[in-house]
Amino acid sequence: MNKVSIIVPCYNQAHYLPEALHSVLCQMYINWECIIINDGSFDNTEQVAREWLLKDNRFKYIFKENGGLSSARNAGLDFANGDYVQFLDADDYLDSEKLSKSVNIIRKDSINTVIVSNFKFFKKSLVDELGYGSNLDINLFTFQKILFEWDSTFSIPIHCGFFSSSLFDEFRFNEDIRAKEDWIMWLYIFQREISFDFLNEKLAFYRQHSGGMTRNKKHMFENTIKAFSYIENLVTREDYNFFLLHMISKKMREYDELNLKVEELKKRIINSNNSIGFKIEKKIKKYLKKLNFIGFF
């Protein structure tokens, strides 16, 4: 029976960690190891992790100085000894059949296997599932689409993937960027010769919360620009030039759409200010002010 290494980085997310680890413990497929990487947390991540080590000896624990998500995942890859790799962030969740269903559709004698499942968004708990997500389909999984349509048409949460460990023999996440590292990983993988299958079931659950770094637009923009230099090394010069033109055109379209929205808002304000209701309201406020009632109202 093939072994699966589940890599769970955690930085100050001890309050989410038990749910993620519970989803690992509930896996129908039993031949796994779960590597919890404490990326220099200053909350009670270590205490929580060690509680799970006592529950099942398949849980492993690593502490390292803080280096970011890519650094933590790399530490997990260095420690892993499974035939397959499953990533899981500390605030996300796996369906109990994620591993078993992935293993069951692996083709015999295949190398560099990649299985991608669909996913669902949730907030506080799985009971609080959101009504969107799961926007993946088989036609999206090409190098070109991942290069040109990432974050505009779709993105692939990393825990949707199930990978042959051989794919990481020569790949490590770039530790100089703090976002978009998964985008570079998917580009690297889909540029290789792989055995690919799409499992169109919602087996990965992705938490949305206000503290997520994807909400920080400045942070995401800065790291997107950094990612471009690494993408340049993955593609031909012709493809890279075309990619840059595509991204510039995309931003120009977004700017034009924003300007249209601003102009539309201006028109609505002007129309509202010229409306009969607005004029009556101004007269009432003026009259009340004379009577010294405006503060009361």
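**A walk through the helices**

Let's start with a cysteine: Cys160 is buried, with a relative accessible area of 0%, where buried means under 20% relative accessible area, exposed over 50% and partly exposed in between, using a 1.4 Å probe and protein chains only. Cys10 is buried too, at 1%. As for disulfides, a search of the whole structure turns up 0, counting as a disulfide a pair of cysteine sulfur atoms within 2.5 Å.

A word on what you're looking at: this is a predicted model, in which local features need pLDDT of at least 70 and side-chain atom pairs count only at pLDDT 80 or more, while totals for chains, interfaces and linings use all residues. Residues are numbered from 1 along each chain as its sequence is written, and side-chain values use heavy atoms, with hydrogens and water left out.

Now to helix α2, residues 45-55, whose buried residues are Thr45, Val48, Ala49 and Trp52. Seen down the axis of α2, these buried residues fall within an arc of 95°, so they line one face of the helix; the arc is taken from the directions from the helix axis to the C-beta atoms. Helices (H or I, at least four residues) and strands (E, at least two) are DSSP runs, numbered from the N terminus. What do the buried residues of α2 pack against? They pack against β1 (4-10), α1 (17-25), β2 (32-39) and β3 (59-64), with contact meaning heavy atoms within 4.5 Å.

Helix α1 has its own buried set: Leu17, Ala20, Leu21, Ser23 and Val24. These cover an arc of only 150° around the axis, which puts them on the same side of α1. The buried residues of α1 pack against β1, β2, α2, β3 and β5 (93-94).

How do the two helices sit together? The axes of α1 and α2 come within 10 Å and cross at roughly 20°; axes are lines fitted to C-alpha atoms, for helices over the stretch in contact, and angles run from 0 to 180 degrees between N-to-C directions. The helices α1 and α2 are therefore roughly parallel to each other, a label for angles under 35 degrees. Where they meet, Leu17, Pro18, Leu21, His22 and Leu25 in α1 touch Thr45, Val48, Ala49 and Trp52 in α2.

Finally, look at the loop between α3 (69-79) and β4 (84-87), where you'll find Asn81. At 52% relative accessibility, Asn81 counts as exposed. Leaving aside neighbours within four places in sequence, Asn81 is in contact with Lys3, Ser5 and Glu33. Asn81 and Glu33 are 48 residues apart in sequence and 8.6 Å apart in space, C-alpha to C-alpha.

Methods. Parallel < 35°, antiparallel > 145°, perpendicular 65-115°, else oblique.
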